[in-house]
Number of protein chains: 2
Amino acid sequence: MKNFNVAVVGATGFVGRQMIKILEEREFPVKKIFLFASENSAGELIKFKDIPCEVQTLNKNSFQNIDFALFSAGTAVSKEYAPLAVKNESIVIDNSNAFRMDPNVPLIVPEVNPEDLDKHQGIIANPNCSTIQLVVALKPIKDEVDIKRIIVSTYQSVSGTGKKAEDELSEQSQQVLAHKKISRDVYPHQIGFNIIPHIDDFESNGYTKEEMKMVHETKKIFKDNNLNITATAARVPVFIGHSESVYIETKKFVTIHKIRDIYLKTQGIKLVDDIMHNKYPMAIMSETYDDVMIGRIRKDLAEPNGINMWIVANNLRKGAALNAVQIAEILKNR
Amino acid sequence: MKNFNVAVVGATGFVGRQMIKILEEREFPVKKIFLFASENSAGELIKFKDIPCEVQTLNKNSFQNIDFALFSAGTAVSKEYAPLAVKNESIVIDNSNAFRMDPNVPLIVPEVNPEDLDKHQGIIANPNCSTIQLVVALKPIKDEVDIKRIIVSTYQSVSGTGKKAEDELSEQSQQVLAHKKISRDVYPHQIGFNIIPHIDDFESNGYTKEEMKMVHETKKIFKDNNLNITATAARVPVFIGHSESVYIETKKFVTIHKIRDIYLKTQGIKLVDDIMHNKYPMAIMSETYDDVMIGRIRKDLAEPNGINMWIVANNLRKGAALNAVQIAEILKNR
């Protein structure tokens, strides 16, 4: 069995650290691991399989002899360095927004559209966290009866923003509980014990970039430009795990019973839907389960093809690092 | 000007205390105030206009010479005592679920359907908190272009559950921050730094009672049984203020510009919709504003009659106590 040189770009970030952990957990055949970050983090030691590995400053020459380069260091870094990596014959799996909507770059969720990997030209894009869990949950229904429209409201944790946001939620929570003045740095408003209906920048159409990512990426992954999808993205005072309240209208009629049946057989999905015993997916469960959790599945009482459901996943793992490693797992066998 | 004897039943609860405060703030013409609660709270002193008033145990004879009885002590208490109050010629304004769907009891939001008060037979029902802010926000649009369907996801604070829930959120937040074991009493799961997609009991159709209240009450208040409305209600780790992500489809086309124009002229509504300056309604703002706050108003990019918006209100005040006092204000002039 072949082993591969793997680079993690953005190794000290929340997603980068998960990438390293997941490469270990899933026993990805790593020959040597290379950890890159900005100058600030250079010299830091991160263990991979119990061996401390020094974080290096990313530069033009970082990609010599790298088979897989997993990027999660933001859009600017990806735009500058991913093409360099490809020139060095690395395969780039990019978790940033840099190439997701590029028609020459496949946007991949392994459970949903692995076939699109065939056309890659060196860069493969990892979708946005809130898109990944949505398409994993809806793909089996789309295959069965097709989907006409999607209306989604998100409840997104702060870990998607990174370590500073996690610290801000901790600090503000303590400040509120102690009746002290709130300090604020990361978000435009207090996130402790509050809901902020604003993630990423606003576009001129009134939607945020986060909301439009869900719209554009879902259409691209499902290869369905006629899909009617609209989103509202909100930040909630939760450390980890994104929850989504999802309404869909299917093209053909399907029973809830049938949907459950399909979910029970689908890899990557965990059905958590036993309301008699108060069981439904929750953000805190996403620290334990890697699968996309689905529950509260019920018919719209007025629209026979309307279905409500509640979808939760770990935004750092399935929503980012795990999805990227799963893509590498498919490619390593080619 | 006539003055009235006013009773507050459930005077020591979150909503009861707000009722007393709002009667003061709005200078309701109170001759004498009578505060009732369960035996546990009897003897407690609560100030009304700086005069301490003793809380009494509720009993059969509590309603002699009471003009207005504001109930917020749960469904069982309302069922037992509201008819007794009516027999004593009190007018009951009931914040519980006991009579809301009774065809002989008007379900009133003063900004929306004050005309329904004409038919009251002694009891007037106050709608559920999540319904009140929804119908206040949607009434002006319904009047202008009518509404075909509503899809709502809620982000509801713990104050709706009461003091114990507030304490539980505080305690669990501290426990999580200190990496201690979670203690749990009020909710079926941890609410600190988590989202629970479950409010009130489940019905056999898979929806919670909270979700079905929004469906039934909205139809009754709007007198529109054909309204297609579906809801998902979630509890969030927020102390006060309910947020709602609302999607509507209007019967006729209307521009966002027109909707804003209407909202600017509508009493009881505060338009907070200036995304260029990061202004939108948030739960923490509901401690400052009594109006229902509306923002993030934008068209569904695929459905010309589809509109998304974000609605926030103080669930204890406009969502309960304020609405009840506003009802009394209309009736006192009759």
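## The sheet of chain B

In this predicted model, strands β9(B) and β11(B) run antiparallel and are joined by eight bridges. One residue of this pairing is B:I147, whose bridge partner in β11(B) is B:T250.

Both strands belong to an open sheet of six strands in chain B, ordered β10-β9-β11-β14-β13-β12, with mixed pairing. At the edges are β10 and β12 (269-271) of chain B, each of which pairs on one side only. From one strand to the next, the twist averages 20°.

## Helices on the sheet

Helix α3 (residues 129-145) of chain B lies across β9, β10, β11, β12, β13 and β14 of chain B. This helix runs at about 30° to β11(B). Helix α6 (residues 256-265) of chain B also packs on the sheet, where it touches β12 and β13 of chain B. The direction of α6 makes about 170° with that of β13(B).

## Contact between the chains

The interface brings 46 residues of chain B into contact with 46 residues of chain A. On the chain B side, at least two residues each come from β9 (147-156), α4 (163-177), β10 (228-235), β11 (242-250), β13 (292-299) and β14 (306-313). This side of chain B has 24 nonpolar, 18 polar and four charged residues.

## Domains of chain A

The domain assignment divides chain A into domain 1 (4-126 + 320-332) and domain 2 (131-315). Their C-alpha centres lie 25 Å apart. Across the boundary, 13 residues of domain 1 of chain A are in contact with 16 residues of domain 2 of chain A. Helix α7 (residues 317-332) of chain A gives the most to the domain 1 side, with three residues. By class, that side has seven nonpolar, four polar and two charged residues.

## Helices α3 and α7 of chain A

Helix α3 (residues 129-145) of chain A packs against α7(A) at an angle of about 85°, and their axes are 8 Å apart. The two helices are therefore roughly perpendicular to each other. From α3(A), the contact is made by A:C129, A:I132 and A:Q133, and from α7(A) by A:K318, A:G319, A:A320 and A:N323. These contact residues divide into three nonpolar, three polar and one charged.

Conventions: Residues numbered from 1 in each chain as written. Chains lettered and ligands numbered in written order. Predicted model: local features only at pLDDT ≥ 70, side-chain atom pairs only at ≥ 80, totals over all residues. Domains from an automatic or database assignment. Contact = placed C-beta atoms within 7 Å. Helix = DSSP H or I, 4+ residues; strand = E, 2+ residues; numbered from the N terminus. Nonpolar A, V, L, I, M, F, W, Y, C, P; charged D, E, K, R; others polar. Axes fitted to C-alpha atoms, helices over the stretch in contact; angles between N-to-C directions. Parallel < 35°, antiparallel > 145°, perpendicular 65-115°, else oblique. Pairing = 2+ DSSP bridges.
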